[in-house]
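Subject: A structure for you to look at

Hi,

Here is the structure I promised you. Have a look at it first, and then read on for what I found.

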Number of protein chains: 2
Amino acid sequence: MPRKPIARDAVLDAFEALLIEVGERAATLDAVAKRAGVSKGGLLYHFPNKEAMIGSLLERMDRLAALDIEAMKAAPEGSAAFFIKSSLWADTPLDRVFVAATRLAEVAHEETRRRFAGIQQQWLDVLAEEVGPEMAKAVRYMGDGLYFNAMLEGGAGDTEVKASARSADVGALLAAVERLRG
Amino acid sequence: MPRKPIARDAVLDAFEALLIEVGERAATLDAVAKRAGVSKGGLLYHFPNKEAMIGSLLERMDRLAALDIEAMKAAPEGSAAFFIKSSLWADTPLDRVFVAATRLAEVAHEETRRRFAGIQQQWLDVLAEEVGPEMAKAVRYMGDGLYFNAMLEGGAGDTEVKASARSADVGALLAAVERLRG
DNA sequence: GAAACTATACCGTCCAGACGGTACAGTTAT
DNA sequence: ATAACTGTACCGTCTGGACGGTATAGTTTC
């Protein structure tokens, strides 16, 4: 059996972290390799080019999103409440890959945008089963707004403070969801 | 009398358009000059460097946002309904500069992020006067979600189709706002 | 006559990617 | 069992191109 490609995941993690913290512009191959503790040559061994690296990150996103949608369907508190809660930045693997991918979509990366649209549609479908198609949109836009703000904050400043400030907002949103459902 | 600096606004418009349509990465000085129908030298005559150009764009945003907030306060249908409607992508000057600036915030441009936070706070304050601080957050997140989606779509694909699809969503959001207010 | 440009040449830096090499785990032939 | 071989998993360096910015000489418009 050949050695395990431990560097592969390390590279993907580093790429993700740099996208979140310093944006797409600064997530260069050199920077990713350095952060992953790998040489640039080693990085390019696993991912023949940058596009391939992005492709692997998107696969990771699809995989995690599929799990999230399953959990959402099965959530005892209802899919809408689950959705709002999980839209809050909590540094989960899904949160991370999502914000990282947003950085790519922002630079007009078409494939990334397509994947996003697909996942959002799935969320909407599940929400619509619980609160109807109209209110589902309201709920989804609230969640999107939460992501939008997480993305704007990025890695800058005091993450702790901002996270707790936003978790207070979730209470308000859950109350709003209750009203919308009633 | 010297000629009027018509190129200045043309450059800013071109920069804005490129940010929206092809992202920050592709909005290079050469590309901006070409799109504005101006030589690179001419561009740099008005803006000594790229940062200065960004600064001017942010000034434009602040100016337009201030007008919007005044209109919001004076809106007969209420500030919340006005806010939701105006969060829809309608290709207005404010919409354009806002999405363009989002592209900069996404690449971790700190000054841009600060300006955003300031404007968002003002919106929240006005909304809170009408629907209270809790529901104001719900409304603002919905608006943010609308912007988030406009931003993800960018200039790619059929803008007409997507705009009309989203304007249908606004009906749902306005209904949601009604419920939240009641 | 001066502001508002055009046009072009150039510099330093950074980046994606190519390339040639090395270390070593596992396999096969003896 | 061990020497010879094979393929995977890397490392370090180099190159070509793009980008931000400088410089400068000339041209148009008011």
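Let's start where helix 1 of chain A meets helix 6 of chain A in this predicted model. From helix 1 of chain A, the residues involved are A:Glu16, A:Leu19 and A:Ile20. Helix 6 of chain A answers with A:Arg96, A:Val97, A:Val99, A:Ala100 and A:Arg103. Sorted by class, the residues of this contact are 5 nonpolar and 3 charged, with no polar ones.

How are two packed helices described? By the angle between their axes and the distance between the axes. Here, the axes of helix 1 (residues 6-22) and helix 6 (residues 93-106) of chain A come within 8 Å and cross at roughly 65°. Angles of 65 to 115 degrees count as roughly perpendicular, so helix 1 of chain A is roughly perpendicular to helix 6 of chain A. Their crossing is left-handed.

Now for the two chains. Their contact takes 36 residues from chain A and 35 residues from chain B. On the chain A side, helix 6, helix 7 (110-153) and helix 8 (159-181) each supply at least two residues. Helix 7 of chain A gives the most, with 18 residues. By class, that side of chain A has 20 nonpolar, 5 polar and 11 charged residues.

Best wishes

Conventions
Residues are numbered from 1 along each chain as its sequence is written. Chains are lettered from A and ligands numbered from 1 in the order in which they are written. This is a predicted model: local features need pLDDT of at least 70, side-chain atom pairs count only at pLDDT 80 or more; totals for chains, interfaces and linings use all residues. Axes are lines fitted to C-alpha atoms, for helices over the stretch in contact, and angles run from 0 to 180 degrees between N-to-C directions. Helices (H or I, at least four residues) and strands (E, at least two) are DSSP runs, numbered from the N terminus. Angles under 35 degrees count as roughly parallel, over 145 as roughly antiparallel, 65 to 115 as roughly perpendicular and the rest as oblique. A crossing is left-handed if the near helix is turned anticlockwise from the far one by less than a right angle, and right-handed if clockwise. Two residues are in contact if their C-beta atoms, placed from the backbone, lie within 7 Å. Ala, Val, Leu, Ile, Met, Phe, Trp, Tyr, Cys and Pro count as nonpolar, Asp, Glu, Lys and Arg as charged, and the others, Gly among them, as polar.
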